[in-house]
Amino acid sequence: MASSSEQELSAPIRNAASAAWSVRAAAGRQLAASDRIDEVADVIHRLLLDAEDTAVTQQTAEALLARRDTAGLRCVLMARSQAAETWTADEIQAALDCDPDWMTTEGADRLIRQVHELAADEDADVRDEAQRILARLRPRSR
């Protein structure tokens, strides 16, 4: 018999392949909130790069960032680095840029710590995206 957490994940994993964008977006939000994010990272990545509707990308990215942890931010940075379509990359970038956590000192400090941590990630794509964000945050020398 499957555990309750396996049952909780099975429906959103199944829904991630739905023809309806709203069902895929709901699946992205549910999977992003999972405490077993590593187990569903491939499905989340597919939703972040959804080729059919940027609403799926947006809602999944926002849900991952709402976790306020490095794991969620890492998923978003990886997808940003691999987004082939301009509108997908733009949607992910907008989620990053418009994250309300940047508006508070505590939230911005947390995000900057997480980005610094990810700038040393084992995955080159994640590292590059984190370093790109840090470069934008550093004051430019004249």
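A salt bridge, as the term is used here, is a side-chain nitrogen of Lys or Arg within 4 Å of a carboxyl oxygen of Asp or Glu. Side chains of opposite charge can pair when their charged atoms come close. Searching the whole structure turns up ten salt bridges.

A quick word on what you're looking at. This is a predicted model, where local features need pLDDT of at least 70, side-chain atom pairs count only at pLDDT 80 or more, and totals for chains, interfaces and linings use all residues. Residues are numbered from 1 along each chain as its sequence is written, and side-chain values use heavy atoms, with hydrogens and water left out.

Let's start with R36 and E39. These two form a salt bridge whose closest N and O atoms are 2.6 Å apart. For accessibility, buried means under 20% relative accessible area, exposed means over 50%, and partly exposed is in between (1.4 Å probe, protein chains only). R36 counts as buried, because its relative accessibility is 18%, while E39, at 55%, counts as exposed.

Next, move on to D99 and R68. Their side chains meet in a salt bridge, at 3.8 Å from N to O. D99 sits in the loop between α6 (86-97) and α7 (105-118), and R68 in the loop between α4 (54-66) and α5 (70-82), so this pair ties together parts that are 31 residues apart in sequence. The helix labels come from DSSP runs numbered from the N terminus (helices are H or I, at least four residues; strands are E, at least two).

Now look along helix α7. R110 and E106 are four residues apart in that helix, so about one helical turn separates them. Their side chains also meet in a salt bridge, at 3.8 Å from N to O. R110 is buried at 18% relative accessible area, and E106 is exposed at 60%.

Finally, take a look at A17, in the loop between α1 (4-15) and α2 (21-32). This alanine is exposed, with a relative accessible area of 64%. From A17 to E129 is 112 residues in sequence and 27 Å in space, C-alpha to C-alpha.
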